[in-house]
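Visitor: I am new to this structure. Could you show me how to read it, feature by feature?

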Amino acid sequence: MDHLTDKEFDRVCTYLSCTIGLNMRSKRVLLDCRLSRERERFGFSTFSSYLDAVEAGTDNEVNARFIDLVTTHYTYFLRESRQFDFLRTTAFPELEASRPRRTWNILCAGCSTGEECYTTSMIAEDYGRGRNLPPVRITGIDISGKAIEKARRATYQPAHVEKVPPRWLSSYFTHNDGNYTVTGPVRRRVTFAQANLNDPDALRRRYDLIMCRNVIIYFDRETREKVLDNLHRHLAVSGYLILGHSEIIRSRAKFVYQKDSVYQKQPEAIIS
Ligand SMILES: C[S@@+](CC[C@H](N)C(=O)[O-])C[C@H]1O[C@@H](n2cnc3c(N)ncnc32)[C@H](O)[C@@H]1O
């Protein structure tokens with residue numbers, strides 16, 4: 001098997017940094033291994049010709065598989081569950097008080113295969129029981145078209161639902177051929193779109209709550225700042241931005257830290 005030369009590795013890293021914002025400089029073995037197999041799979045005789053095809057972007061399958069190979073999609077239902085407790089105990093009660101009639105818009109940025117969106121929808125479903133809440137609209141976006149396809153199918157293997165309580169399993173899923181499929185209103189309030197967070201026009205509306213968990217950790221510093229600025233712009237005043245447990249915002253000018261990697265957007269007047 002051929003290996004990436006220093007020059008080719010640099011070319012891949014530069015491309016990933018400029019397009020998706022990923023910092024892959026410490027992932028040489030992983031990239032080498034995955035892209036070598038990919039080059040052979042498509043029958044490119046050299047890495048250069050494979051990378052030419054990726055950069056040209058004319059073959060959808062080459063590009064979709066490339067994006068899928070360089071991104072990490074690990075996720076499961078109720079991952080980092082304290083943050084879902086925060087939705088139930090703090091974010092949703094505050095929205096109920098401040099936006100009793102207008103649709104609540106929630107964004108899961110970097111939603112992978114959809115488990116985070118559907119978990120949020122299940123929390124909303126439980127919270128809304130016996131209350132007269134406005135509609136809740138949950139949008140999941142991810143750069144990987146393959147992840148978005150799986151999210152739309154909403155069918156999961158048992159390992160992904162291990163943390164799901166039995167009541168949810170029986171109320172919000174159907175069980176077929178050993179897999180679990182999300183159904184009913186919990187599924188209908190979630191929609192998905194393929195989008196690149198590194199694109200300043202990726203987001204269209206203002207959200208009352210944004211989850212962007214275990215995504216910016218993969219970005220280079222510049223992209224992280226750019227993406228956080230964009231999420232800030234699209235978050236309602238006093239809205240919450242929820243990051244992954246190992247992700248932090250260093251500059252606190254725009255967000256106030258709450259707890260468990262939850263940040264609240266500062267009122268506009270305080271931002272210099
Ligand atoms: C590890 S998963 C996190 C899934 C979920 N948020 C969670 O915490 O369980 C990271 C996701 O971010 C997506 N991603 C990476 N770079 C992205 C970008 N520039 N724009 C949109 N999504 C991106 C990947 O495709 C991947 O599905």
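Guide: A polar contact is a pair of N or O atoms within 3.5 Å. With that cut-off in mind, take leucine 197: one of its backbone N or O atoms lies 2.9 Å from a nitrogen atom of the ligand. Keep in mind that this is a predicted model.

Visitor: Which other residues have an N or O atom 2.9 Å from a ligand atom?

Guide: Glycine 110 has a backbone N or O atom 2.9 Å from a nitrogen atom of the ligand. Arginine 79 uses its side chain: an N or O atom there is 2.9 Å from an oxygen atom of the ligand. The protein covers 99% of the 610 Å² of accessible area that the ligand has on its own.

Visitor: How many residues surround the ligand?

Guide: There are 20. The closest are Thr75, Gly110, Asp142, Leu197 and Asn214.

Visitor: Let me take one of those. Where does asparagine 214 lie, and what is its phi?

Guide: First the general idea. Most residues other than glycine have a negative phi. Asparagine 214 has a positive phi of about 60°, although it is not a glycine. Its place is the loop between strand 7 and helix 10.

Visitor: Why does asparagine 214 count as buried?

Guide: Its relative accessibility is 15%, so it counts as buried. The cut-off for buried is under 20%.

Visitor: Which alanine has a positive phi too?

Guide: Alanine 154, with phi near 60°. Find it in the loop between helix 7 (145-153) and strand 3 (155-156). Alanine 154 counts as buried because its relative accessibility is 0%.

Visitor: Next, the cores. How do I read one?

Guide: In soluble globular proteins, nonpolar side chains tend to be buried together. Here the largest nonpolar core has 42 residues. Those with the most contacts inside it are Leu16, Leu31, Cys212, Leu231 and Leu241. Several elements each supply at least two residues of this core, including helix 1 (6-19), helix 2 (28-42), strand 7 (207-212) and strand 8 (235-243). The largest share, five residues, comes from helix 4.

Visitor: From which domains does this core draw at least three residues each?

Guide: From domain 1 (6-70) and domain 2 (82-270).

Visitor: Now the domains. How far apart do the C-alpha centres of domain 1 and domain 2 lie?

Guide: They lie 29 Å apart. The contact between the domains takes 12 residues from domain 1 and 10 residues from domain 2.

Visitor: I would like a loop residue with a side-chain partner. Which side chain makes a polar contact with that of asparagine 198?

Guide: The side chain of lysine 226, at 3.0 Å. Asparagine 198 lies in the loop between strand 6 (190-194) and strand 7. It counts as buried, because its relative accessibility is 7%. Setting aside residues up to four places away in sequence, asparagine 198 touches Ser17, Cys18, Thr19, Ile20, Gly21, Thr223, Lys226 and Val227.

Visitor: One last residue. Is arginine 252 buried or partly exposed?

Guide: Partly exposed, because its relative accessibility is 41%. Arginine 252 is found in the loop between strand 8 and strand 9 (255-257). Beyond its neighbours within four places in sequence, arginine 252 is in contact with Tyr257, Tyr263 and Gln266. Its C-alpha atom and that of aspartate 142 are separated by 26 Å. Along the chain, arginine 252 and aspartate 142 are 110 residues apart.

Technical notes
Residues numbered from 1 in each chain as written. Predicted model: local features only at pLDDT ≥ 70, side-chain atom pairs only at ≥ 80, totals over all residues. Heavy atoms only, no water. Core = buried A, V, L, I, M, F, W, Y, C linked by side-chain atoms within 4.5 Å. Buried < 20%, exposed > 50% of the residue type's maximum accessible area, 1.4 Å probe, protein only. Helix = DSSP H or I, 4+ residues; strand = E, 2+ residues; numbered from the N terminus. Domains from an automatic or database assignment. Near = heavy atom within 4 Å. Polar contact = N/O pair within 3.5 Å; in protein donor to acceptor, adjacent residues only side chain to side chain. Areas by Shrake-Rupley, 256 points an atom, 1.4 Å probe, with all protein chains shown as cover. Contact = heavy atoms within 4.5 Å.
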